[in-house]
Amino acid sequence: MTWGPLRAAPSSALVALDFDGTLAPISPHPDDARPLAGAGQILRDVRATGATVAVVTGRSVASLLRVSSFGAIPGIVIYGTHGAERWQADELRAPAPPPGLDELRLSLPKLLTSIGPDLWIEDKGLSLVIHARLTAEPERALEILRAPVGEAAAAAGLGVRPGKEVLEICIPGIDKGTAIRELVGDDPAAAFYAGDDLGDLPAIHEVNAWAERSGRPALTVGVSSRGSGPIADQTDVTVPDPQGLLSLLRQMLPNPLIQRR
């Protein structure tokens with residue numbers, strides 16, 4: 001499969017991608033994740049066409065830079081914490097941490113202990129993520145947690161975002177769609193987005209809304225091993241895993257770059 005708009009007008013296209021589960025396999029612990037072999041080079045090749053390349057991740061920018069070499073890709077834009085942070089060329093834009101998080105840092109550990117073992121909290125600075133991946137029954141643990149965590153977050157003036165075997169307490173009104181709205185404000189000729197999780201749905205919806213408004217081409221890709229589910233149902237194309245996404249990105253490159261690789 002190829003995608004004509006990127007080859008036809010690469011210097012004015014937008015290529016935006018999630019990280020975990022999209023450019024990197026999912027890992028039980030975020031610090032253990034690494035991009036798939038070859039992912040960095042493909043992003044460099046896409047960027048070399050002149051396209052705007054953006055990684056839009058739920059991780060903090062610092063975490064993404066720590067587990068990948070993407071910061072060395074010239075011109076890359078990184079949106080962290082679901083669009084709350086923006087990094088480019090060593091310049092970081094980020095809001096002040098919401099004050100309500102301090103209270104939750106104290107109260108959440110007691111709540112998790114009352115639910116069961118192997119639940120843990122990742123502190124991103126601008127959000128708190130409750131991980132259930134190490135529990136015997138992740139979905140059951142999260143189901144028990146949803147109501148009390150939602151109440152605690154609301155009392156602190158914060159929101160809750162579901163993800164793969166996680167609940168994230170976050171700044172309300174900011175999601176990956178926030179990043180896409182900013183990126184398409186640069187008036188691209190075409191737009192591409194790939195993601196694998198519920199947190200990617202706002203970005204997918206924004207790409208589709210932009211395409212409808214502008215009449216310009218767009219392609220959304222869901223990374224789904226089953227080929228079904230909320231992400232697959234909302235995207236134009238599905239691939240089974242990050243390797244499938246890299247293969248698709250290679251096909252999008254102009255012929256001289258494909259031959260070079």
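Student: How do the residues lining the second largest cavity divide into nonpolar, polar and charged?

Tutor: Read a lining by sorting its residues by class. In this predicted model, the lining of the second largest cavity has five nonpolar residues, three polar and one charged. The residues are Thr81, His82, Ala84, Leu126, Ser127, Arg161, Cys170, Ile171 and Ile174. The space inside comes to about 50 Å³.

Student: How many cavities of 30 Å³ or more are there?

Tutor: The count is two. The largest cavity holds about 380 Å³ of space. Its lining has 27 residues, and those closest to the centre are Asp20, Gly58, Lys124, Arg133 and Asp197.

Student: What is the make-up of the lining of the largest cavity by class?

Tutor: Its lining divides into 13 charged, eight polar and six nonpolar residues.

Student: Which strands each supply at least two residues of that lining?

Tutor: Strands S7 (128-131), S8 (159-163) and S9 (166-170) each do. S8 gives the most, with three residues.

Student: Turning to helix packing, at what angle do H6 and H7 pack?

Tutor: Take the angle together with the distance between the axes. Helix H6 (residues 176-184) and helix H7 (residues 201-214) pack at about 30 degrees, with their axes 7 Å apart. Because angles under 35 degrees count as roughly parallel, H6 is roughly parallel to H7. Their crossing is right-handed.

Student: Which residues make the contact?

Tutor: H6 contributes Lys176, Gly177, Ile180, Arg181 and Val184, while H7 contributes Pro202, Ala203, Glu206, Val207, Trp210 and Arg213. By class, this contact has six nonpolar, one polar and four charged residues.

Conventions. Residues numbered from 1 in each chain as written. Predicted model: local features only at pLDDT ≥ 70, side-chain atom pairs only at ≥ 80, totals over all residues. Heavy atoms only, no water. 1 Å grid on protein atoms, 1.4 Å probe; cavity = no way out; pocket = protein on both sides within 12 Å on 5 of 7 lines; lining within 4 Å. Points joined across faces, edges and corners; volume = space filled by probe spheres on them. Helix = DSSP H or I, 4+ residues; strand = E, 2+ residues; numbered from the N terminus. Nonpolar A, V, L, I, M, F, W, Y, C, P; charged D, E, K, R; others polar. Axes fitted to C-alpha atoms, helices over the stretch in contact; angles between N-to-C directions. Parallel < 35°, antiparallel > 145°, perpendicular 65-115°, else oblique. Left-handed = near helix turned anticlockwise from the far one by under 90°. Contact = heavy atoms within 4.5 Å.
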